[in-house]
Amino acid sequence: METQEKILQTYFGYEHFRPGQQDVITYMMQHHNTLAVMPTGGGKSICYQIPGLSMDGTAMIISPLISLMKDQVDALQALGIAATYINSSLSVDELKKRMHDIAIGRYRFVYAAPERFETASFLHVIKRLDISLIAFDEAHCISQWGHDFRPSYRSIVPELKKLRNVRVFAALTATATEAVISDIQRLLHISDEHVVNTGFARENLAFHVIKGRDKTSYIRAYMSEHSDESGIIYAATRKQVDSLYENLKKQGYSVAKYHAGLSEEERKNAQSAFIHDERTVMIATNAFGMGIDKSNVRHVIHYAMPMNIESYYQEAGRAGRDGEMSNCILLFSPQDTQLQKFFIEQSQMDDDSKQQEYRKLQAMINYCHTHQCLANYILDYFNDPSPKPACKQCSNCSKNHEKVDITEEAQMILSCVKRMGEQFGVTMTAKVLKGSKDKKVAGFQFQKLSTFGIMSAYTEKELIERIHFLIAEKFLSMEEGKYPKVRLNANSVDVLKGKQEVMMLQAPIPIYAEEADYDAGLFTQLRQLRKNLADEQNVPPLC
Ligand code: ADP
Ligand code: MG
Ligand code: ZN
C-alpha cells in the first residue's frame, strides 16, 4: 500500500488518505468492481485517479456535466497528468484530434458524458483500447430511484459490461439510498464487500429549519450579518430567483443569478464570478451547482423546500467543503408543499414513479416538522451506518429548548382524525378541530362531531403545524398521493390509550427570531384545553 500513499503525496500533495479512499483503491487494484459512497467533498475523484495512475492503459470516466469534466481535466493537467475530455463543446477538428490521440493511448484519463458511449465512432475506438478502468462518477444518475436519473447512464451499461479490454468498473456517488445502492450493485455486478460506504455525516454543517417568517426579510437580516461570506440561495422557480436577485441587488449586496432561462453566456459569467469570489452570493434554481467545487461556501439557504431529501442534502452539502463550520438553512412555508406537488403532478412520470415521489416529498415535509436532531433525521433517511450523537448545532438541538408534554393535545387531534373516518387531509382536520365555518366542513356535516371546535383556542395555522408534527414523529400516518389522507397507526392507538406520551420542543427559536414570533399565550390556552378534555373524558375507545 506504500506505493498508493506515495502517489497521493507525490502527485496530489496530500499526506494521508481520507476515510474510505484506501479501501476503494485497494479493491480496484485487485480488479473488483467497487462502489464508493462518500459525502460531497469526501474525495471520490482520487479513488479512481490513483488506480488509473497505477495501472496501464486509459481510464474512462463517465461524467454528467461538461463543467465537471473540464474542472477535473484541468486539475489533472495541472498535475502533469495526460487527461482530456470529449463533449459537444469541441470543434469538429478538435474532436478529431482528441479521438485520434485517445485511439493511440496517449491519455491516462478520458472524461465523457454517457451519451458519447452510445455513438458508434466512440465505441469503435474504445473497443480497441487498453482500458484500465471505467468509472461512473455521480453514479446515482444510473438509477431511476436516484434524484438525477439520466437514461443514458443506465442504457450504456450492458454494452460496456461486454468489453473484454476493461480491468475494472467503479461507481462513485454522494447520495445513495438503499434502493439506489442495490440498483447500482446489481447493474455493475458489485458485491456487498466491495461497497465502501463512509456514511454521510458532515459534522461542519449546521442545519436549520425556519418557519413562519417572511422569507425575504429573513434573508436580508441574515445577509446583513454575513455580507462578506460566500453563499448560495436556492429558489424553486426562475421567477423567485429573479425577484430575490433584484431585491438583494437593490440593497447593495454582491449577488449573481443562475437559472435555465438565462443564456449560456450569462450563466457562464455568473458562475465564474461566483467561483472567483467576485460575487459573494449566488441566487439560483437547482440548475446550478452540480460539479461546482467551491470550497469556501459558508451558507446554503433554501428559499423554498426542495422535492426530496436527496436533492436537499446534495444542494445543502455544497456548503463547507473546506471543513469549516457552515449553515444550511431551509425556509419553509406551506405553499412550498403545494408547489412541489404541482411539479410532481404535471411531470411525465408514470403513476408508480409519481407515488414514489410523493413518498419522498412526505419525508422532506417531515424534515421541516420534526423535533428530532435534523442532522440525524437526514442520516436516518439514508440509513447511515455510523453511530450518531445529537449534533448540538441544528435548529432543533442547539438552543436549550424545553420539552413540553402535549399528550392530551395529541389525543384530541387523533380522536378527531378517527371521527372523521380517516378520509381527510391535514387542512380539513385542522378546520374541524378549530370549528371552522368553512362551507366544506359544513358540507360533510362535521359540526356534528364531538371533536368539532374542540381546539378552537388555536389558530388554524397552529393546528396544521401540530398535525404535521405528529406525522413527522410518526404518531400519525399519511397516505401519500395528490390528496393525502391522515390515518391512525399503531403509535396513535398507544397515544389514545395513554400508553405513550407525546413530547414536543417549545417552539424552536430560529436564528434571527424576534420575540413577537412566539405566541406566549399558547401554552396557557393548552393547559385550559387539557383541563376541559379531562373533564369531558372525551377520548374514544379504540380497537
Ligand atoms: P467529491 O467528488 O467526493 O465531492 P473531490 O474528489 O472533488 O470530492 O474532492 C474534494 C476535495 O478534497 C478536493 O479539493 C480534493 O483535492 C481534496 N482531497 C481529496 N482527497 C484528499 C486527501 N486524502 N487529503 C486532502 N485533501 C483531499
Ligand atoms: Mg466528485
Ligand atoms: Zn441536531
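These legends describe close-up views of one predicted model. Residues are numbered from 1 along each chain as its sequence is written, while chains are lettered from A and ligands numbered from 1 in the order in which they are written. In this predicted model, local features need pLDDT of at least 70 and side-chain atom pairs count only at pLDDT 80 or more, but totals for chains, interfaces and linings use all residues.

**View 1. The shell around ligand 1.** Ligand 1 is surrounded by 14 residues. A residue is near a molecule if its C-beta atom, placed from the backbone, lies within 6 Å of it. Tyr14, Gly42, Gly43, Lys44 and Ser45 are the closest. Helix α3 (residues 44-54) gives the largest share of the shell, three residues. Helices (H or I, at least four residues) and strands (E, at least two) are DSSP runs, numbered from the N terminus. The shell holds four nonpolar, seven polar and three charged residues. Here Ala, Val, Leu, Ile, Met, Phe, Trp, Tyr, Cys and Pro count as nonpolar, Asp, Glu, Lys and Arg as charged, and the others, Gly among them, as polar.

**View 2. A sheet of seven strands.** This open sheet runs in the order β3-β4-β2-β5-β6-β1-β7, with parallel pairing. Two strands pair if DSSP finds at least two bridges between them. β3 (83-86) and β7 (195-197) stand at the edges with a single partner strand each, so one side of each has no neighbour in the sheet. From one strand to the next, the twist averages 15 degrees. Axes are lines fitted to C-alpha atoms, for helices over the stretch in contact, and angles run from 0 to 180 degrees between N-to-C directions.

**View 3. Strands β2 and β5, with two helices on the sheet.** Strand β2 (residues 58-62) runs parallel to strand β5 (residues 131-136), and five bridges join them. Alanine 59 stands opposite leucine 133 in β5. Helix α3 packs on the sheet and touches β1 (34-37), β2, β4 (109-112), β5 and β6 (166-173). The direction of α3 makes about 170 degrees with that of β5. Helix α4 (residues 66-78) also packs on the sheet, touching β3 and β4. The direction of α4 makes about 160 degrees with that of β3. Two residues are in contact if their C-beta atoms, placed from the backbone, lie within 7 Å.

**View 4. Leucine 129 in a loop.** Leucine 129 is found between α6 (120-127) and β5. It has 19 C-beta neighbours inside 10 Å, so leucine 129 counts as partly exposed. A residue is buried with 20 or more other C-beta atoms within 10 Å of its own, exposed with 12 or fewer, and partly exposed in between; C-beta atoms are placed from the backbone. Leucine 129 touches Thr58, Ala103, Gly105 and Asn165, not counting residues up to four places away in sequence.

**View 5. Helix α16, mostly covered.** Seven of the eight residues of helix α16 (residues 374-381) are buried. Among them are Leu374, Tyr377 and Tyr381. Their cover includes β8 (205-211), α13 (309-316) and α15 (351-369). Asparagine 383 follows α16, and its phi is positive, near 50 degrees.

**View 6. A sheet of six strands.** The order of this open sheet is β8-β13-β12-β9-β11-β10, and the pairing is parallel. β8 and β10 (255-258) are the edge strands, each pairing on one side only. Strand β9 (residues 231-234) pairs with strand β11 (residues 281-284) over four bridges. Tyrosine 234 stands opposite alanine 284 in β11.
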